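Colleague: I'd like to learn how to read a model like this one, feature by feature. Can we go through it together?

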Amino acid sequence: MMMLEPEYMEVVKRHQQEFPIRVGALARELGIEVKTTDMPDNVSGSLSRSSDNPERWVIRVNRRHSKNRQRFTVAHEIAHFLLHRNQIGRGVTDDTFYRSNLSDSREREANRLAADILMPWSLIRRATEEGARSADDLAEAFGVSTAAMHIRLGLPT
Ligand SMILES: [Zn+2]
């Protein structure tokens, strides 16, 4: 996993004891409120400072997207919080390709950390030992799309 402040790393690791990773609970423990809301179809979600208290952060996620997609979006916005919160002013909004006003390299970082959060290698190994036979089995066990699991495993998508 990328370099994070030790106190944040500890919280993330504590939420990676079993799969599927509970990203909502992880966000809340990091002090971030998660709201599932109506958003335009081409928006996946956002991370922004709370309007009443700029010290507080809120993740909004598009409620019309699939559950797995919402989970990836929450993980991606958590990653922006962990890596980029001092670089995004009042917030960031991601389209369905996880593009925003941030640079492509920051978006790639956020996607990489989101994958590290949702699909830690130690748990993938455990799931395989417990009988997961395919990328589809693993995707189901971890609550991610088959495409996300294929990318994680280095398989064609
Ligand atoms: Zn993003």
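Modeller: Let's start with a charged pair: Asp38 and Arg64 form a salt bridge, and their closest N and O atoms are 3.4 Å apart. Keep in mind that this is a predicted model.

Colleague: Which parts of the chain does that pair tie together?

Modeller: Asp38 sits in the loop between S1 and S2, while Arg64 sits in the loop between S3 and H3, so the pair ties together parts that are 26 residues apart in sequence. Salt bridges with shared partners also join Asp38, Asp41, Arg63 and Arg64 into one network.

Colleague: What is the N to O distance between Asp38 and Arg63?

Modeller: Their salt bridge has its closest N and O atoms 2.9 Å apart. Arg63 is also in the loop between strand S3 (57-62) and H3, so its bridge to Asp38, in the loop between S1 and strand S2 (43-49), ties together parts that are 25 residues apart in sequence.

Colleague: Is Arg63 buried, partly exposed or exposed?

Modeller: The way to read this is by cut-off: buried means under 20% relative accessible area, exposed means over 50%, and partly exposed is in between. Arg63 has 45% relative accessibility, so it counts as partly exposed.

Colleague: How many salt bridges are there in the whole structure?

Modeller: A search of the whole structure gives nine. One more to look at is the bridge between the side chains of Glu29 and Arg14, at 2.8 Å from N to O. That pair links distant parts of the chain, with Glu29 in helix H2 and Arg14 in helix H1 (residues 6-14), 15 residues apart. Glu29 counts as partly exposed because its relative accessibility is 37%, and Arg14 gets the same label, partly exposed, at 39%.

Colleague: Now a nonpolar residue. Where is Leu30 found?

Modeller: Leu30 is in the loop between helix H2 (23-29) and strand S1 (32-37). Its relative accessible area is 9%, so Leu30 is buried.

Colleague: Which residues does Leu30 touch?

Modeller: Leave out residues up to four places away in sequence, and Leu30 touches Tyr8, Val11, Ile78, Phe81 and Leu82. Take Phe81: it is 51 residues from Leu30 along the chain, yet their C-alpha atoms are separated by 9.2 Å.

Colleague: How about helix packing? At what angle do H3 and H4 pack?

Modeller: For a helix pair, look at the angle, the axis distance and the handedness. Helix H3 (residues 67-84) and helix H4 (residues 104-118) pack at about 115°, and their axes are 8 Å apart. The crossing of H3 past H4 is right-handed. On the H3 side, the residues that meet H4 include Phe72, Ala75, Ile78 and Leu82. Among their H4 counterparts are Ala110, Leu113, Ala114 and Ile117.

Colleague: Which residues of H7 are buried?

Modeller: In helix H7 (residues 146-153) they are Ala148, Met149, His150 and Arg152. These buried residues pack against H4, H5 and helix H6 (135-142).

Colleague: Last one: which residues form the nonpolar patch on the surface?

Modeller: Trp121, Leu153 and Leu155 do, with about 260 Å² of accessible area together. Trp121 belongs to helix H5 (residues 121-129). With a relative accessible area of 42%, Trp121 is partly exposed.

Key: Residues are numbered from 1 along each chain as its sequence is written. This is a predicted model: local features need pLDDT of at least 70, side-chain atom pairs count only at pLDDT 80 or more; totals for chains, interfaces and linings use all residues. Side-chain values use heavy atoms; hydrogens and water are left out. Patches are made of residues with over 30% relative accessible area and no salt bridge: like charges are joined within 9 Å, nonpolar side chains (Val, Leu, Ile, Met, Phe, Trp, Tyr) within 5 Å. Accessible areas come from the Shrake-Rupley method with a 1.4 Å probe; for residues, only the protein chains shown count as cover. A salt bridge is a side-chain nitrogen of Lys or Arg within 4 Å of a carboxyl oxygen of Asp or Glu. Helices (H or I, at least four residues) and strands (E, at least two) are DSSP runs, numbered from the N terminus. Buried means under 20% relative accessible area, exposed over 50%, partly exposed in between (1.4 Å probe, protein chains only). Axes are lines fitted to C-alpha atoms, for helices over the stretch in contact, and angles run from 0 to 180 degrees between N-to-C directions. A crossing is left-handed if the near helix is turned anticlockwise from the far one by less than a right angle, and right-handed if clockwise. Contact means heavy atoms within 4.5 Å.
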